[in-house]
Amino acid sequence: MDRFSVSYAPSASIYALCQQKRANSSGESLILGIPDAQAPSIADEAEALQSILPAAKLFMGSAATEDILRTHGPGSRIVHIATHGYFRQDNPMFSSIRLGGSYLNLYDLYHLKLPAELVVLSGCATGLNVIRPGDEVVGLVRGLLQAGAHSLVLSLWDVHDRSTKEFMISFYTRLGRGISKPLALQGAMVELRERYPHPYYWAPFTLIGKA
């Protein structure tokens with residue numbers, strides 16, 4: 001991490017597809033925040049990002065619904081969802097994220113139109129997958145790429161509430177300066193590591209798709 005910026009792809013063919021497909025190069029930034037007693041800093045995170053991201057629209061709590069995502073997602077350049085993610089290793093097709101009043105699972109993602117340049121799921125274990133026969137990767141990554149997203153930032157384990165807020169502010173501030181997504185992620189990791197030395201805090205997020 002000190003020497004390189006890193007991004008991932010589920011396979012070479014998916015990587016090639018991410019380079020070719022069109023994504024929204026302009027448009028609003030959609031922010032959905034679903035805070036609760038376990039993750040109260042989600043509210044602070046979402047409000048802070050509203051002042052950082054261009055043309056940001058913020059929906060919080062019960063207002064951050066699936067209908068809002070379906071309405072505003074197709075025209076958004078950046079989609080940021082701060083919520084809890086649930087990975088089902090026994091049946092990854094039922095992995096989901098919590099929205100205001102409902103859960104969005106992998107089946108739902110297949111029916112979304114989300115041609116965003118960047119989709120960020122700032123939640124717990126949103127980037128986990130399992131390998132099925134044929135080396136097929138199944139998880140929320142697959143659903144979001146199928147929905148049209150160019151690049152994803154997802155977590156590999158249950159993240160810490162407060163450090164995640166600081167991480168996302170650092171990451172988006174760098175993006176706003178014109179820094180590339182891999183370098184912005186790397187810079188946020190380095191900055192967080194100075195305050196939180198353990199990798200649990202600074203290393204949970206991974207960049208997937210087009211760098």
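Entry one, the surface. I am looking at a predicted model, and I began with a nonpolar patch of about 330 Å², made by Phe4, Val6 and Tyr8. I placed Tyr8 in the segment before helix H1 (12-20).

Entry two, salt bridges. How many salt bridges does the structure hold? I found nine of them, and I looked up a few in turn.

My pick here was Glu28 with Lys57, whose side chains meet at 3.4 Å, N to O. This pair links distant parts of the chain, with Glu28 in strand E1 (residues 28-33) and Lys57 in strand E2 (residues 56-60), 29 residues apart. I noted Glu28 as buried, at a relative accessible area of 17%, while Lys57 is partly exposed at 36%.

Asp36 forms a salt bridge with Arg98, and I read 2.8 Å between the closest N and O atoms. Asp36 sits in the loop between E1 and helix H2 (41-52), and Arg98 belongs to strand E5 (residues 96-99), 62 residues apart. Is Arg98 buried or exposed? Arg98 counts as buried because its relative accessibility is 16%, under the 20% cut-off. Asp36 is partly exposed, at 24%.

Entry four, two helices. The side chains of Glu166 and Arg195 meet in a salt bridge of 3.0 Å, N to O. Glu166 lies in helix H6 (residues 161-176) and Arg195 in helix H7 (residues 181-195), so the pair ties together parts 29 residues apart in sequence. I also saw that salt bridges with shared partners join Glu166, Arg174, Glu191 and Arg195 into one network. Glu166 counts as buried at 19% relative accessibility, and Arg195 as partly exposed at 42%.

Notes: Residues are numbered from 1 along each chain as its sequence is written. This is a predicted model: local features need pLDDT of at least 70, side-chain atom pairs count only at pLDDT 80 or more; totals for chains, interfaces and linings use all residues. Side-chain values use heavy atoms; hydrogens and water are left out. Patches are made of residues with over 30% relative accessible area and no salt bridge: like charges are joined within 9 Å, nonpolar side chains (Val, Leu, Ile, Met, Phe, Trp, Tyr) within 5 Å. Accessible areas come from the Shrake-Rupley method with a 1.4 Å probe; for residues, only the protein chains shown count as cover. Buried means under 20% relative accessible area, exposed over 50%, partly exposed in between (1.4 Å probe, protein chains only).
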